[in-house]
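I opened my notebook to record what I looked up, one entry at a time.

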Amino acid sequence: SQNSDATVDAAADSLSAIFSELMSIYESLEGGGSTASVGDPIDRGLELCGRAQSIVGLLGLFSSNEQLDDVPTNELKYLLLPGIAGFLWSQRRTGGPAARPDSLVRCLGQLADFLRLAGLYGVPGAPRIGDAEVGEADEQKLAALVTEDSGDGRSMAQPDRAKKIERLRRRKELEKQLTELRPQVERPHVDEEDKRNFYLKLLERWVIVATEEAAAAKAELPLARMMASRGAEGQQQPPPQPPQPKSGRPPVGTFVLTRSALEARVFGAGYPSLPAYSVDEWIDAQIESGVFPSPEEAAAAAREAPAPVGGPTPESAAAERAARDAAEDADDPQALGRLRAWDDWKDFNRRGDGNRYRKG
């Protein structure tokens, strides 16, 4: 008897350690992080779930003729094991598309076990329990176990919009309450009532999580099976062979579209003709033909050309500037008045003012 009691105590201690590691893996996966202590956290978590569920069966912690109030506080958390296992199977991607349907079927089976157990113990929000046969397939078993409270035969995996919104609101409310209760539960000396309240709310939240995961897995399962079958067909089919030419007819060779070359030939290069020589060469040709004068001839003609009639000469312009400077130096009233009037006019007429029509 003492040996059996020691074995039970050792199994309970081992179960508590396994559950703590399992919850750390789940929280890391749910938060989008990774667990550095293990190579693959999902496979490690599934291994821990299998060991923990074996210990729970060995200890006989749960029974179909019990109520939720009959379960000790420290054992309430072990009701979550099938739900956590279902979540891990839903996240498993090892093996590629061929292994995905099996992972989803196992996910649905674990979620069905959790929801059946939660329904037996009367966890708030858990579905009603139908009469499921032992040898039923996992996805069919879930459809039989998880039914709507309205009795219309629809699965909880396909609720209407109002129930989805209510479930989401309740989940956020529970998560907020669990966040507030967690520091109290993690203290060395925690009140029994607070600890039990924390686990009850955690179970209620997991009922919602399991329902959502079951809906996602059932929706993904047909697509996963189709992808797996396509992959299997692709592996069985031989690689496509190139088409063989028909007898008595030469194969068609490769050809290149010459659209650009044809367009350039018809329309040209975008302007009438390509240049034959430069502008300098054209001017030299015009000078040689006598159309344009040479630079020497143009300079001589400019020197011999008479001054324009009525136009200022360099001498007259210099004399005008000298007279204007002398008038300014002598304080000529007319010159000073003209300069002041010019300054006043520039104050009110900026440079560029004038006819602004059609200039924005």
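How many disulfides does a search of the whole structure find? I noted that the search finds zero disulfides, where a disulfide is counted as a pair of cysteine sulfur atoms within 2.5 Å. A disulfide is a covalent bond between the sulfur atoms of two cysteines.

Before going further I wrote down that this is a predicted model, in which local features need pLDDT of at least 70 and side-chain atom pairs count only at pLDDT 80 or more, while totals for chains, interfaces and linings use all residues. Residues are numbered from 1 along each chain as its sequence is written, and side-chain values use heavy atoms, with hydrogens and water left out.

Next I looked up the secondary structure, and the chain has 12 helices and zero strands, these being DSSP runs numbered from the N terminus (helices are H or I with at least four residues, strands are E with at least two).

I then turned to burial, and found that 28% of the 360 residues of the chain count as buried (buried means under 20% relative accessible area, exposed over 50%, and partly exposed in between, with a 1.4 Å probe and protein chains only). Cys49 is buried at a relative accessible area of 1%, and Cys107 is buried at 0%.

My last entry concerns Gln286, which I located in helix H9, residues 279–288. Gln286 is buried, because its relative accessible area is 18%, and, leaving aside residues up to four places away in sequence, Gln286 touches Val291 and Phe292, a contact being heavy atoms within 4.5 Å.
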